[in-house]
Amino acid sequence: MALKAVKGFNDILPDESRRWQYIEQTARRVFELNGFGEIRVPIVEKTELFSRSIGDATDIVEKEMYTFTDKGDNSVTLRPEGTAGVMRSFIENKIYALDPIAKLYYMGPMFRYERPQKGRYRQFHQIGAEITGVNDPLADAQLLNMLTLFFREISLTEPTLQINSLGCPECRPNYRRALQQFLQQRIETLCDDCKRRFTTNPLRTLDCKIPGCAEATAAAPSVLEHLCNECDNHFNSVKRYLDLSATPYSINSRMVRGLDYYTRTTFEMVTGLLGSQSAVAAGGRYDGLISQLGGPSIPGIGFAMGLERVALLLENKDFTSNPELFIATIGSSERDMAFTLMDGLLKSGIRVEMDCESKSLKSQMRRADKLKCRFSVVIGENEIATGKAVFKRMEDGLQSESALTVDGIKLLLGAVK
RNA sequence: GUGGCCAUGGUGAAGCGGUUAACACAUACGACUGUGACUCGUACAUACGAGGGUUCAAAUCCCUCUGGCCACCCCA
């Protein structure tokens, strides 16, 4: 039996790949416009980096990482997300020494051992961006504007922005306590998972989809009412900046995060078009992360988006491009001429195809049609003798004569456009 | 990790115990001698996800495995 790819690991074939390139190119353009520079970090990191940043008790670290011991007896892990590695590099290369304000973006594969589903694979790809060194809510708003601009630039209106604030280490415990008090009275109506979450991570009960839990937590206190003054001001400023730039958003006070490092502003770009994979991009502030990883006390904020999910939203868009000219030949000596001509045209940036196998004229024309070439030309004895040929516009059969030279053909292709 | 549905050629699929495994599209070549698209002809699964079993006989029934999709979970 023929070998197959590993479950959850996919091949990206040329048609799909064009879609990806479009997304990547647009991201690069929009991010560079906003002053971000690309950082390329390794795919493998020490396991400890992820357990320290993402959080020991999170699902990602507990059961989804591709962790193994290398031949030097080190525990290493295929990165399950991008921020940790970028921040490790930020600290290790002392990027902050030059300027604590760094604007970095990255793109590449991530790995999580999950049950594959549409829009969710074991090797998946993220494009992310981070801003370090700015506490001010202006940074939050700038990042959100950039994300919004990106989706506008790829002509998608579907994912919409939701924002929330999770508070800081000062005020979050208060909220946690208040929420637990609230849940205490209805703990019996909660599902088993939520009973467990009650102690481990009470905030998670808020987005449980079991009807009983949704009902029980419907009147739960909101994080936003428990923010300390600083966090409250911060969140209000973020909203004000978003209003100033007319960036559309809605507030979702029940939005929670799966990674432990988030503080204050959190956000998601959500869509209803991908079933249960509703988050297309997500992120937030992580003011404690850099120091937690042994770096200086520098704040940060960032997001990551799922390339597969964005690509899914772009599925009906066509990214194919067609050759300008197909050169068909009659005899073998004519192929020399055709080959030289093709070479010359390619060197001037014109997309040309010719037949490689000396097939019948009919097959060659069929191929020209199949490849959706804009023009075709037949080179035979007569053409060689006169140095001219008839070019046929495939769409309507219109014929025009031109010299069989690179310049002549360029002129023709330009003129008939 | 849990549950449900599914698995026939390049693609969409019919077949539900004995068939040359239908049909359509796609593909290749030709009819049309130096011109595609339309039309017509010919070719194209020893093969029904893999491995076992039941049977005189299996793509069709049973078991196991693998993969896909959907929901949960989790998350981008």
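**Strands, helices and side-chain pairs**

Me: β1 and β5 run parallel; how many bridges join β1 to β5?
Reply: Strands are DSSP runs of E with at least two residues, helices are runs of H or I with at least four, and both are numbered from the N terminus. Two strands pair if DSSP finds at least two bridges between them. For β1 and β5 the number of bridges is 2.

Me: What kind of model is this?
Reply: Residues are numbered from 1 along each chain as its sequence is written, while chains are lettered from A and ligands numbered from 1 in the order in which they are written. Side-chain values use heavy atoms, with hydrogens and water left out; local features need pLDDT of at least 70, side-chain atom pairs count only at pLDDT 80 or more, totals for chains, interfaces and linings use all residues, and the model is predicted.

Me: Which residue of β5 is the bridge partner of E38?
Reply: The parallel strands β1 and β5 are joined by bridges. The partner of E38 in β5 is Y105.

Me: How many bridges join β5 to β6?
Reply: This pair runs antiparallel. In it, G108 stands opposite Q126 of β6. The number of bridges joining β5 to β6 is 9.

Me: How many of the 9 residues of β5 are buried?
Reply: A residue is buried under 20% relative accessible area, exposed over 50% and partly exposed in between (1.4 Å probe, protein chains only). By that rule β5 is mostly covered. The number of its residues that are buried is 8.

Me: Which are the edge strands of the sheet?
Reply: The sheet is open, has 8 strands with mixed pairing, and runs in the order β1-β5-β6-β11-β10-β9-β7-β8. An edge strand here pairs on one side only. The edge strands are β1 (37-38) and β8 (250-251).

Me: Which residue of β8 stands opposite Q162?
Reply: Strand β7 (residues 160-165) runs parallel to β8, and 2 bridges join them. In β8, the residue opposite Q162 is S250.

Me: What angle does helix α4 make with β6?
Reply: Helix α4 (residues 83-92) packs on the sheet and touches β5 (103-111) and β6 (123-132); contact means heavy atoms within 4.5 Å. Axes are lines fitted to C-alpha atoms, for helices over the stretch in contact, and angles between N-to-C directions run from 0 to 180 degrees. The direction of α4 makes with that of β6 an angle of about 45°.

Me: What covers the buried residues of α7?
Reply: Helix α7 (residues 172-184) has 13 residues and reaches 18 Å from its first C-alpha to its last, close to the expected 18 Å, which is 1.5 Å times one less than its number of residues. Y175, A178, L179, Q180, F182 and L183 are buried in α7. The cover of these buried residues includes α8 (192-200) and α9 (211-216).

Me: Where is P169 found?
Reply: P169 is exposed, with a relative accessible area of 66%. Its C-alpha atom is separated by 37 Å from that of G8, 161 residues apart along the chain. P169 is found in the loop between β7 and α7.

Me: How many salt bridges are there?
Reply: A salt bridge is a side-chain nitrogen of Lys or Arg within 4 Å of a carboxyl oxygen of Asp or Glu. R28, E38 and R40 are linked in a network of them. The count comes to 16.

Me: Why can R19 and E16 be about one helical turn apart, and what is their N to O distance?
Reply: R19 and E16 are separated by about one helical turn because they are 3 residues apart in helix α1 (residues 14-33). R19 counts as buried at 10% relative accessibility, whereas E16 is partly exposed at 28%. Their side chains meet in a salt bridge with an N to O distance of 3.2 Å.

Me: What is the N to O distance between R52 and E48?
Reply: These residues are 4 apart in helix α2 (residues 47-53), so they are separated by about one helical turn. R52 is partly exposed at 38% relative accessibility, and E48 is partly exposed at 47%. Their side chains meet in a salt bridge at 3.0 Å.
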